[in-house]
Amino acid sequence: MPFSSLRPPVLLRARELGHAMRDAGGPRPRRSRDHARSIARCASAAALLAAAPATAAPCSWQAAWSSSQLAPAADAQLEPEALRDATLRQIVRPSLAGQRVRVRFSNAFGRAPLVIDAASIAQAAAPTGGAIRPASLRALRFAGRAAVTIPAGAEWVSDPTTLPVAAFDDLAVSLHLADAPDGQTAHPGSRATSYLTHGDRTGAADLPDARAVDRWYLLAGVEVERCAAPGGVVAFGDSITDGYGVKPNSYTRWTDVLARRLGGRAAVLNAGIGGNRVLRDGLGPSALARLDRDVFGQAGVRHLILFEGVNDIGMLTRDAPADAAAHRALVEGVTGAYAQIVARAHAHGITVHAATILPFAGSAYYHPGAESEADRRAINDWIRAPGHVDGVIDLDRLLRDPARPAYLAARYDSGDGLHPNVGGYRAIGEAMPLAALRR
């Protein structure tokens, strides 16, 4: 999206001022000593004004961490009895610092109102284990109350609380449920361990008897108050963005690599969902269906990294071949959806950086043929074409095997022909354009 550049004001010297007045048909400045002194005083004042520091950016709430919500499949749900009179303590790692925080809870996929009757936030004592630093414990409030009822399909942001947070601190968000939700809302691909126990333990310093669960439930975001210009980055994608294959609590997803490179100057919000597609719902709502909540609904976002489409291509022929018309429709549908995402992002003042789809000819899950590879290349050609997106991140060229361009390079392949390994994720994170993302 084109941005107009603002030229700094130009201070005219006294002689230039005289020339400007003469050229405009105005009177020549007088050559008196008093007039010269007046010009000198004005020039000094203007110089002091130009040298004055710029006004600090106003403080605002900015998303520091988020997760994309979905209705979990049966194997990712907690049994209802586990969520009766239950405390969930969930560990998150924001990538922005702030002195005040607030937490966003989600009942996006609930079928009935969700009652949270107590919640808290604290510094985690360690990335795992569920213990907190007691002095940092803050009870969360909702319009001044300890409990909140979140309507079905909605989210709710807590009242702000003072808690100094540094970028990459581990925070423990605890919530207590008296009754199990009617319809769970979750993010199964947390790559971080949460802790589940019974009773209201939101104020407990430790949860020694808790059950470990590598998922997030009912927790959508953490925001910090920040007195700096917003510059949040949303990584919008599928399992490659969600970090498939990464060991829990290792923070080695490509988004983690990017966040560390940005060094806390901008948040990196992981909006990846394993198995996600651009055009159709599957594991989670389609990219188009979740765009408002996962991108535009995040406070302080200025950049979007669009990186999905491989599941659309793979699913077309996974169970049966497709004819030429279906392949054409797929390419037109995905690229048309990309154009929609770009247009809508621009309307929100967000710059779009699109990553090309990685090769996956070695995938036994999708067993793609020549037609699927042609679809991938056609979509990547659309991404690379000038004018379609604001910036191209050519991960296809970076991670493919030069001798077999339809395959991932062996040094980046996790072994399934579809997902990168940790080295591949590192390469992706290091390929992200820092200068463009800092603008």
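View 1. At 37% relative accessibility, Asp 85 counts as partly exposed, where buried means under 20% relative accessible area, exposed over 50% and partly exposed in between (1.4 Å probe, protein chains only). Asp 85 sits in the loop between β1 and β2 (86–92); helices (H or I, at least four residues) and strands (E, at least two) are DSSP runs, numbered from the N terminus. Its phi is positive, about 50°, although Asp 85 is not a glycine. For background, most residues other than glycine have a negative phi. Before the next views, note that this is a predicted model, in which local features need pLDDT of at least 70, side-chain atom pairs count only at pLDDT 80 or more, and totals for chains, interfaces and linings use all residues. Residues are numbered from 1 along each chain as its sequence is written, and side-chain values use heavy atoms, with hydrogens and water left out.

**View 2. Asn 249, another positive phi.** Asn 249 is not a glycine either, yet its phi is positive at about 70°. Look for Asn 249 in the loop between α3 (239–242) and α4.

**View 3. The disulfide of Cys 59 and Cys 227.** The structure holds one disulfide, meaning a pair of cysteine sulfur atoms within 2.5 Å. Here Cys 59 is joined to Cys 227, with an S to S distance of 1.7 Å. Cys 59 lies in the loop between α2 (33–51) and β1 (60–66), and Cys 227 in the loop between β15 (219–226) and β16 (232–237), so the pair ties together parts that are 168 residues apart in sequence. The torsion about the S-S bond is about 90°, so this disulfide is right-handed. As for solvent, Cys 59 counts as partly exposed, at 44% relative accessibility.

**View 4. The antiparallel sheet.** Six strands make an open sheet with antiparallel pairing, in the order β6-β5-β10-β2-β12-β13; two strands pair if DSSP finds at least two bridges between them. At the edges are β6 (138–139) and β13 (211–213), each of which pairs on one side only. Inside the sheet, β5 (residues 118–123) and β10 (residues 171–177) run antiparallel and are joined by six bridges.

**View 5. The parallel sheet.** Five strands with parallel pairing form an open sheet in the order β17-β16-β18-β19-β20. The edges are β17 (268–272) and β20 (391–393); each has a single partner strand, so one side of each is left without a neighbour in the sheet. From one strand to the next, the twist averages 20°; axes are lines fitted to C-alpha atoms, for helices over the stretch in contact, and angles run from 0 to 180 degrees between N-to-C directions. At one end, β19 (residues 351–355) pairs with β20 over three bridges in the parallel sense, with His 353 opposite Gly 391 in β20.

**View 6. β17 and its surroundings.** Five bridges join β16 to β17, and the two run parallel. Gly 237 stands opposite Gly 272 in β17. β17 is mostly covered, with five of its five residues buried. Val 268, Asn 270 and Gly 272 point one way from β17, while Leu 269 and Ala 271 point the other way. α4 lies across β16, β17 and β18 (301–307) and runs at about 170° to β17. Helix α5 (residues 287–296) also lies across β16, β17 and β18, running at about 160° to β16.

**View 7. Helix α4 against helix α10.** The axes of α4 (residues 254–262) and α10 (residues 422–431) come within 7 Å and cross at roughly 40°. That makes α4 and α10 oblique to each other; angles under 35 degrees count as roughly parallel, over 145 as roughly antiparallel, 65 to 115 as roughly perpendicular and the rest as oblique. Residues in contact (heavy atoms within 4.5 Å) include Trp 254 and Arg 261 of α4 and Tyr 425 and Glu 430 of α10.

**View 8. Helix α6 against helix α7.** α6 (residues 310–317) and α7 (residues 324–347) have axes that come within 11 Å and cross at roughly 165°, and are therefore roughly antiparallel to each other. Asp 312, Ile 313, Leu 316 and Thr 317 of α6 meet Ala 326, His 327, Leu 330 and Val 334 of α7.
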